[in-house]
Amino acid sequence: MSVWSSLVGQAAAIEALSAAASGHGMSHAWLFTGPPGSGRSNAAVALAAALQCPDAGCGTCHECHTVLAGTHADVSVVRTEKLSIGVDEVRDLVRRSALAPVGRRWQILIVEDADRLTDQACNALLKAIEEPTERTVWMLCAPTVEDVLPTIRSRCRLVALTTPTTEEVAGFLARTDGVPAALADYAARASQGHIGRARALARDEATRNRRRDIVAIPSRLTSIGRAMSAAAHLVEVTQEEAAAITSELDAQDKADLDAAYGVVERGRRPREYAPALAAMERSQKTRAKRRHLDVIDRGLMDLVSVYRDAVALGLGAPGRLVNEEIRDDAEALAAASSPEQNLARITAIFEAREQLLEFNVPPALALESMMVALLTDPAGSGPSASVPSRGGAHR
């Protein structure tokens, strides 16, 4: 099994990266782009392993194992739980990039979510990329090239990843995790090509149940009251899911801080402990906010998939639905609304997404506005005909 085994449906990218690791087309700076779940960071880490490997990515040697495990001394990965990556983090990376590698090959610095770099951080990074040391390699990951400053992306070699097909994702789940065929097919469709999401759906019944609850929302939007209730419910369930994810991390952070200041051993808190605790709590609050927004965003994309299915049915498009399990609901939506109306509803979801992620609108307000828009006739003529519930009966 080579270092490229985790990249699903990326044959063209693997070919180019393998050639670079073998010395053909190597660059000191790389930009990996692709939709969420396509494996941008996995591709960067795989290239890092191949560059450190004496056999260009065998997947079995010590170098490959340590890079893939995140413990290689010459490979640094920046992952942020915050809403942005600040200049201090980047300056620390720049200082590290100037050091000679411990081993015989490369000093590699990987920046996940490079689209979250602040303006100051971008300026600090630009100078390092413009004047790299001889054995330093930068790898940036972002959804699109437009998410990175032109001055930075112009100095990087671009690797564009694509969304893998349902068949490719299902095959990957069956091959690597032993997922039964029917469940693998469901997870692959429901994830819409997002590998991490597909694995979560395949492994965890609670995750599947939360998704089923979200994709059932459109069939329940039959009044203003139900729209407001749906918004409140979505805020609540996403908060619960985000809290479940962050609570473990918060507890570990607190234990690490106590250990660092010897709180348990000494039985008292030193003077420096209080400001460190306050800084940690601020960081945890920021992480919780981002995690909540990430969970909401995933739910919004699940909602989009239902209206996408309704559009496909309304236009008579060939192929299977994303949500074959609720085909009756999608058919009811298609019967009650035109494709144009359902496209307008998809637009309303993306507008809510922008309000949340770009303009910091409180989730409850953004989701209430969105749910009413999903209920309302996009043409502006007032409330639309009620969307039939499962089975086609109006409420």
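How are helices α8 and α9 oriented to each other? They pack at an angle of about 140°, and angles over 145 degrees would be needed to count as roughly antiparallel. Helices α8 and α9 are therefore oblique to each other. The model is predicted.

**Strand β1 and its partners**

- Strand β1 spans residues 29-33 and is joined to β5 by four bridges.
- The β1 and β5 strands run parallel.
- Trp-30 has Arg-157 as its bridge partner in β5.
- Five bridges link β1 to β4, and this pair also runs parallel.
- Phe-32 has Cys-141 as its bridge partner in β4.
- Strand β1 is mostly covered, with five of its five residues buried.
- In a regular strand the side chains alternate between the two faces of the sheet.
- In β1, Ala-29, Leu-31 and Thr-33 point one way.
- Trp-30 and Phe-32 point the other way from β1.
- Residues on both sides of β1 are buried.

**Thr-33 in detail**

- Thr-33 sits in strand β1.
- What is the relative accessibility of Thr-33? The value is 7%, so Thr-33 counts as buried, the cut-off being under 20%.
- Neighbours within four places in sequence are left aside in the contact list of Thr-33.
- That list includes Arg-40, Ala-142, Pro-143, Thr-144 and Val-145.
- Leu-158, Val-159, Ala-160 and Leu-161 are also in contact with Thr-33.

**Helices on the sheet**

**The α8/α9 pair**

- Helix α8 covers residues 181-191 and helix α9 covers residues 195-203.
- The axes of α8 and α9 are 8 Å apart.
- The crossing of this pair, α8 and α9, is right-handed.
- From α8, the contact residues are Leu-183, Tyr-186, Ala-187, Ala-190 and Ser-191.
- From α9, the residues they meet are Arg-197, Ala-198, Leu-201 and Ala-202.
- By class, the residues of the α8 and α9 contact are seven nonpolar, one polar and one charged.
- Gln-192 is placed in the loop between α8 and α9.
- Phi of Gln-192 is near 55°, a positive value in a residue other than glycine.
- Gln-192 is partly exposed, with a relative accessible area of 35%.

**The α12/α14 pair**

- Helix α12 spans residues 224-260, and helix α14 spans residues 273-315.
- Their axes come within 8 Å and cross at roughly 150°.
- How are α12 and α14 oriented to each other? Angles over 145 degrees count as roughly antiparallel, and α12 and α14 are therefore roughly antiparallel to each other.
- The α12 and α14 crossing is right-handed.
- Residues of the α12 and α14 contact divide into 14 nonpolar, five polar and eight charged.

**Single residues elsewhere**

- Asp-113 lies in the loop between β3 and α5 (119-130).
- Asp-113 is not a glycine, yet has a positive phi of about 55°.
- Is Asp-113 buried or exposed? Asp-113 counts as buried, at 18% relative accessibility.
- Arg-266 belongs to helix α13 (residues 263-266).
- Arg-266 is exposed, because its relative accessible area is 51% and the cut-off for exposed is over 50%.
- Arg-266 and Leu-365 are 99 residues apart along the chain.
- The C-alpha atoms of Arg-266 and Leu-365 are separated by 47 Å.

Methods
Residues numbered from 1 in each chain as written. Predicted model: local features only at pLDDT ≥ 70, side-chain atom pairs only at ≥ 80, totals over all residues. Heavy atoms only, no water. Pairing = 2+ DSSP bridges. Helix = DSSP H or I, 4+ residues; strand = E, 2+ residues; numbered from the N terminus. Axes fitted to C-alpha atoms, helices over the stretch in contact; angles between N-to-C directions. Parallel < 35°, antiparallel > 145°, perpendicular 65-115°, else oblique. Left-handed = near helix turned anticlockwise from the far one by under 90°. Contact = heavy atoms within 4.5 Å. Nonpolar A, V, L, I, M, F, W, Y, C, P; charged D, E, K, R; others polar. Buried < 20%, exposed > 50% of the residue type's maximum accessible area, 1.4 Å probe, protein only.
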